[in-house]
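Please look through the structure shown here together with the briefing below it. The notes are arranged by topic, so that each can be checked by eye.

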Amino acid sequence: MPIALVDCNNFYVSCERVFNPKLEGVPVVVLSNNDGVAVARSAEVKALGINMAEPWFKIEKIAKKYGIIALSSNYTLYGDMSARVMSTLANFSPKQEIYSIDECFLDLSGFPPDSLMAYGQKIRQTVRQNVGIPVCVGIADTKTLAKLANHCAKKGYAGRDGVCDFGRFNQEVKTKVFSKIPAGDVWGVGRKISEKLLTMNIKTVEDLRTANPEMIRSQFSIVLSRTQNELNGIPSIELEDSGTSRQQIMVSRSFGTPVTSLEGLSESVAYYATTAAGKLRQDGSVASSISVFIRTSPFKNEEYYENSLVVPLMNPTDDTTILVKAALSGLKKIFRNGFDYKKSGVMLMGLQPKDALQKTLFDDTDKQTKSDNLMHVMDSINQKMGKGSLTIAASGLGHGWSMRRENKSPSYTTDWSELPVVR
């Protein structure tokens, strides 16, 4: 069963370049929350030897020397661009698994084997034309091999023009390719496993593929055993339906400046609960409980404090007003005076499909209808006028606690006031 793994190239940077062509060919980094570390690097930045997660204060001097442009993360833009990419890719297969914000698997069963390279090129060209994002395509008989093929397409090991199809190669050719790639580059092989493999003289993908299966099973988890099977073309990791519901939804951020008051924390928690509730309704789900947490910075020479509390809900719900009220009641119980809080967040748990919710004799149908209508109006206005146009008063307006993003690009696709202007 041929599977394609489509991965966007330097996704965050590519999103920025779509709306600012002047960034093409220029070294660009995108920074994390509060402009802390590099979370995305253009090819030009990678060539300078700057690593992922490198703190900005460490590379600021290098940036000035080589003209690196640093941008604050614009997650609203990236999320919208991701949705556009995934929507485009859904047209290429009846079954799609969205694996992350910038990559997905496509089931290519039934396609003639000799047409897959051309089909991969069509995928690349269509995404570039429709969305403006460059992608690479890896094609193979298992998910692990498809990830590896995508890696080869990006590195130019065995691909052509951003597409690599392992089905075109006999085992001798694949052995040569696998012998050049470190075992640590395989999907699912983390740093600790990679280090242990090295002690057993398993250095490359080929070494891992041909290692004694019984030894792999006895020395490692079943996960690595499945990975080895997949490297040998034996499907052991199923393609999942993208419609699979999330089990939980978390929204949290570090503050740009420390928050000391209950009022400030309440605004942040209400805002995060509102955001989480919106995601819940997008999924068509309801939550049975909500967890709220707060914490100070673990890096300062001050007394550290963190706490969390799970607040059960009387009935599973997707109503923002109910979820915010529950979150704030939990916050009041865990808040302690005298601390500089650095982060807060909420997590919705016990999620289940709303349309499968079991009714009871005590349900207030009129109240539920009013709630559904209110949430529908709220979502419609925010979708049309921009996120946060209509929100809960408890989430405040100024948001002085918001994370620091001094070089954020406009929300080109999700905010009317920030649409691109042609002069």
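This is a predicted model: local features need pLDDT of at least 70, side-chain atom pairs count only at pLDDT 80 or more; totals for chains, interfaces and linings use all residues.

Residues are numbered from 1 along each chain as its sequence is written, and side-chain values use heavy atoms, with hydrogens and water left out.

**The chain as a whole**

- The secondary structure of the protein chain comes to 14 helices and 13 strands, where helices (H or I, at least four residues) and strands (E, at least two) are DSSP runs numbered from the N terminus.
- A compact globule of 423 residues would have a radius of gyration near 22 Å, and the 24 Å of the protein chain agrees with this; the radius is taken over C-alpha atoms, and the globule rule is 2.2 Å times the number of residues to the power 0.38.
- Along its principal axes, the C-alpha trace of the protein chain spans about 65 × 60 × 55 Å.
- Of the 423 residues in the protein chain, 46% are buried, a word that means under 20% relative accessible area, whereas exposed means over 50% and partly exposed lies in between (1.4 Å probe, protein chains only).
- Among contacts in the protein chain with a separation of 6 or more, 68% are between residues 24 or more positions apart, and a contact means heavy atoms within 4.5 Å.
- The accessible surface of the protein chain comes to about 22,400 Å², and 52% of this surface belongs to carbon and sulfur atoms; the areas come from the Shrake-Rupley method with a 1.4 Å probe, and for residues only the protein chains shown count as cover.
- The protein chain has 51 positive and 44 negative charges, and their mean positions are 4 Å apart; Lys and Arg count as positive and Asp and Glu as negative, while His and the chain ends are not counted, and the place of a charge is taken as NZ of Lys, CZ of Arg, CG of Asp or CD of Glu.

- Helix H6 (residues 143–155) has 13 residues and reaches 18 Å from its first C-alpha to its last, close to the 18 Å expected at 1.5 Å a residue; the expected span is 1.5 Å times one less than the number of residues.
- Because eleven of the 13 residues of H6 are buried, this helix is largely enclosed by the rest of the structure, and the buried residues include Leu-145, Leu-148 and Cys-152.
- His-151 is found in helix H6 and counts as buried, since its relative accessibility is 18%.
- When residues up to four places away in sequence are not counted, His-151 touches Tyr-157, Ile-181 and Asp-185.
- Just after H6, Gly-156 takes a positive phi of about 80°.

- The 15 residues of helix H5 (residues 116–130) should span 21 Å at 1.5 Å a residue, and its end C-alpha atoms are 21 Å apart, which agrees.
- Buried residues in H5 include Leu-116, Met-117, Tyr-119 and Ile-123, and what covers the buried residues of H5 includes strand E1 (3–8), helix H4 (75–89) and strand E7 (135–140).
- Just after H5, Gly-132 has a positive phi of about 90°.
- In helix H11 (residues 222–231), the buried residues include Leu-224, Gln-228 and Leu-231, and their cover includes H6, helix H7 (171–178) and helix H10 (213–219).
- H11 is followed by Gly-233, whose phi is positive, near 80°.

**Residues in strands**

- Gly-256 is found in strand E9 (residues 249–259) and counts as buried at 14% relative accessibility.
- Gly-256 and Lys-343 are 87 residues apart in sequence and 9.4 Å apart in space, C-alpha to C-alpha.
- Gln-352 lies in strand E13 (residues 352–353) and counts as partly exposed at 27% relative accessibility.

**Loop residues with positive phi**

- Ala-53, in the loop between helix H2 (43–47) and helix H3 (56–66), has a positive phi near 70° although it is a residue other than glycine, and it counts as partly exposed at 45% relative accessibility.
- Asn-201, in the loop between helix H8 (191–199) and helix H9 (205–210), has a positive phi of about 65° and counts as exposed at 53% relative accessibility.
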